[in-house]
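Please read the following report alongside the sequence and the three-dimensional model.

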Amino acid sequence: MRIWRFPCFSVLFGFLLSSVPELTGSAKLSIAVESGTTIRITSAGRNTQCKVCIGQNTQEVCQLSAVLRSDTLLDFSCSQPENVFTVQIIRDNVINNIEPKDHNALQKFNRTFIWNLKPPTTKSLRLNFSSTGLRQIQPTDSCPDKHVYMLAVENVSVGRFCQNGTIRQVDVHNGGKLSLEVSGARALDKKFIGVSLGRLINSLANFHVVLPERSSTQDFFTPNAFPANAEIMWYFTVPHTYYTDVRILSYTVPTCLRPENIPTMKYTWQGREPLVKLMNVSQPSVEPGNFNLSIKNCRLSGPQPPSQGLTVHFQISAIKRSKGQCEGDLPEKQVLQIRVKKKDPKSTCVLKLDSVIMDTITIASGKHFVLNSFDCNKDEVELTVNQTIECKEWKDCAFTSFPLTFNYEQQCIPGVLKTLIWLLHGPQNSAVELQSPAGDLRYCPPEDKCNSIILLNVAHVNSSITLGQFCPKGTIQKIQIRESKIAISATVTSFNDRNLATKPFLTYSFTQDISEHYIFTVAPKMDNPTMLATPAWPSGMKASSTVSWIVNLEPQFKSSVKFRNVSQPKCKEVHTNIAVQTIRSQTTLYSTKTDVKIKDLLVPESFYLNMTNCKSPTGAFRAMMEVTLQNSPSKHLGIILSIVGVVLVIVTAVGIWFFLRKKKRNKTPPVSVYNPSEHAFLPGLHGIPKAQEEEDPHTYAYIDETLVYSHLLKVDDKKEEYKEATADESDPPLRAPALPVRNSENLITKSNALLDSELCGYVQGRSTTSGSAKTSEEGNYETRLCV
């Protein structure tokens, strides 16, 4: 015997057996109905065997639905009718407060509580949800607590809501319906809803929203079937120090009878004119204070499907922000333009100029501005300042140096000063001369780093050709440009101190037209080589342009000129020219008009380095040079020899002087001679001493007799003469003859007759005379006497 198996039949039979308890058996419920309340019990599906039966007298009526207006006993033909039927609990003509009430017998069913709102024709109803708070959701969304509120006005659903939201009140025009869906087996959350009468409104509904005192984002939706020419309004209450942003996430616009009446977003703040925005533009952002928003549909051109009607899904975000405000006027005479820019567009920093949010704001001279910044750190915003300096008449600016500074008066503008740009406009056919008051400039190629907080860029205004970049602390003393309109920009890498802007970066002056297009005056230093490059490096020079470097050297130096990188174009007629000529001797050391390889040069003195581009070059004419100082040996040698010669002369003179002095002392030994006469004088070159006054004679403290008489004892006759001379005290004193006196010469005229018979010697002793106006200081002295 075969055994047949039917697995599919077994599964189907099991399913039918599991459904039998729901469709078989019975359930009886006793329902108490309040006055003014209607309960509708409706089957969820038509094809069902479960029915609700109501006993009328002795006859029972069984149907798929039932309407209860009084207390009723229900008998269901199935044991679990909550899986088949839904319940609606309806109250009509509601104008008073709503207190939801549940029926215990129906708690297992999916229930919908409906309150039909019917205010007087001259009034509107205000539904107060302060105890609940509503949050609008999409039509297909549900709520976590299984409680969903629905509001319809004039048979138009204006939204679905969950509890615990920011909507505190809804004003309803004419009549409406408020519904609350509660899932089966879920107890009703009996929250009070206040109902009151208010003034008549023109819109379908007004939603009053109170934003919380924390950062939040709320979603709002217009009705799916927005009636033609109807309006919905929202009233937003914003906490203090909080700012709101409005963003449209999605929208559809119908075809209007008049295209100019396309639906818009209309914003109103207290004390301000209404702001109207189209759906496809950015909406207000970072706005403080309470505001109203209205969306009104247009008159339609004809019947349209719901998918092509007016629908708007928008968000309201509220964020607590720190605000900074700067209001003022830029001086018109300075011709200023300040650009305020966010470094990172994704930053939370917000910049607003006159209520318009922008990532880059431009403030011009002569205009009043109100600049607001929100949550902006100083380093998040950069400032670029443009200043135009114009001199039309020569009498106002000829040959006068002016400093390039920027007086930053608007200190309230947020941000870090990054770039300063000066536009110099001189008289017609003038040249601009630039110098650095803080020291010379250094050429900085684009590929090098400046190693300074300031980088200067010089360019032409008309052609936008960049002359070059320059840094402080270099060797370029002066830059001359044959152009009346020049742009100078100072880019600051670290500009935290705004006072630095008040210090002059450069001085400028307008001069008469110069011979070359560009002239650089350079003074190389021994520390580092000086880099020079043609204008617009690494691009080529402009056709037919000329440049000259005036390189000044100290007399003791010479320079080495190395051509690091030279690019010569092809010229049709006249070729490019590179020439090196000394300044003092006017000697041409190098000149070439061909594209041959240029050799390095050694220049003995200050020189010119000139370059000229051809008229129609094919290719770029550019060059980079390096100038290095070297000591000049010939000049140093002359200086050294001169110093050595002077030293030798001094040494020789000192040696001769010592030799003569020593010889003189060895030739005449010191001798002491006693002179009893009144006066003592020294023959020879010492002059005639003045006679001493009578009351102030010399008195000797002691006389060395050995020194006085030793040389006279050798000859007897001389000894006798000496004794006679000393014994005779009555002889008159010896006096010198009257002789002519000459300045700086000997006061005694020498006589050969006297020299043959005189006795000479030195008198040594110690004077005790004091207080005389005609004698020298008290002390030892030595006198040579001839008698």
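## Strand β34 and its partners

Glu-433 stands opposite Ser-509, a residue of β40. The two strands concerned, β34 and β40 (residues 507-511), run antiparallel and are joined by 5 bridges; strands, like helices, are DSSP runs numbered from the N terminus, with at least two residues in E for a strand and at least four in H or I for a helix, and two strands are said to pair if DSSP finds at least two bridges between them. Strand β34 also pairs with β38 (residues 476-481), again in the antiparallel sense, over 3 bridges, and here Leu-434 has Ile-479 of β38 as its bridge partner.

Because 4 of the 5 residues of β34 (residues 431-435) are buried, this strand is largely enclosed by the rest of the structure. Buried here means under 20% relative accessible area, exposed means over 50%, and partly exposed lies in between, with a 1.4 Å probe and protein chains only.

## Basis and confidence of the model

This is a predicted model, in which local features need a pLDDT of at least 70 and side-chain atom pairs count only at pLDDT 80 or more, while totals for chains, interfaces and linings use all residues. Residues are numbered from 1 along each chain as its sequence is written, and side-chain values use heavy atoms, with hydrogens and water left out.

The mean pLDDT of the chain is 79, and 77% of its residues reach 70 or more; pLDDT is the predictor's confidence in each residue, on a scale from 0 to 100. Over residues 671-675 the pLDDT is below 50, and this stretch has 21 contacts in the model beyond near neighbours in sequence, where contact means heavy atoms within 4.5 Å. Residues 718-787 also have pLDDT below 50, and for this stretch the model shows 112 contacts beyond near neighbours in sequence.

Strand β19 (residues 242-252) pairs with β22 over 2 antiparallel bridges, and Tyr-243 stands opposite Pro-288 in β22.

## Aromatic pairs and charges over rings

The structure holds 19 aromatic pairs; rings of Phe, Tyr and Trp (its six-membered ring) pair if their centres lie within 6.5 Å, and planes under 30 degrees apart count as stacked, over 60 as edge-to-face and the rest as tilted. One of these pairs is Phe-129 with Tyr-149, an edge-to-face arrangement at 6.2 Å centre to centre with 80° between the planes. This pair links distant parts of the chain, 20 residues apart, with Phe-129 in the loop between β9 (123-128) and β10 (134-137) and Tyr-149 in strand β11 (residues 147-153). Phe-129 counts as buried at 1% relative accessibility, and Tyr-149 counts as buried at 0%.

The rings of Tyr-443 and Phe-470 have centres 6.0 Å apart and planes at 70°, so this pair is edge-to-face. It links Tyr-443 in strand β35 (residues 441-443) to Phe-470 in strand β37 (residues 466-472), 27 residues apart. Tyr-443 is buried, with a relative accessible area of 5%, and Phe-470 counts as buried at 2% relative accessibility.

One aromatic cluster includes Phe-161, Phe-220 and Trp-269. The charged end of Arg-272 sits over the ring of Trp-269, 4.4 Å from its centre, the criterion being NZ of Lys or CZ of Arg within 6 Å of the ring centre and within 35 degrees of the ring normal. Likewise, the charged end of Arg-622 sits over the ring of Trp-537, 5.9 Å from its centre.

## A buried loop residue

Thr-166 is found in the loop between β12 (156-163) and β13 (167-172), and is buried, with a relative accessible area of 8%. Leaving aside neighbours within four places in sequence, Thr-166 is in contact with residues including Leu-134, His-208, Gln-218 and Phe-220.
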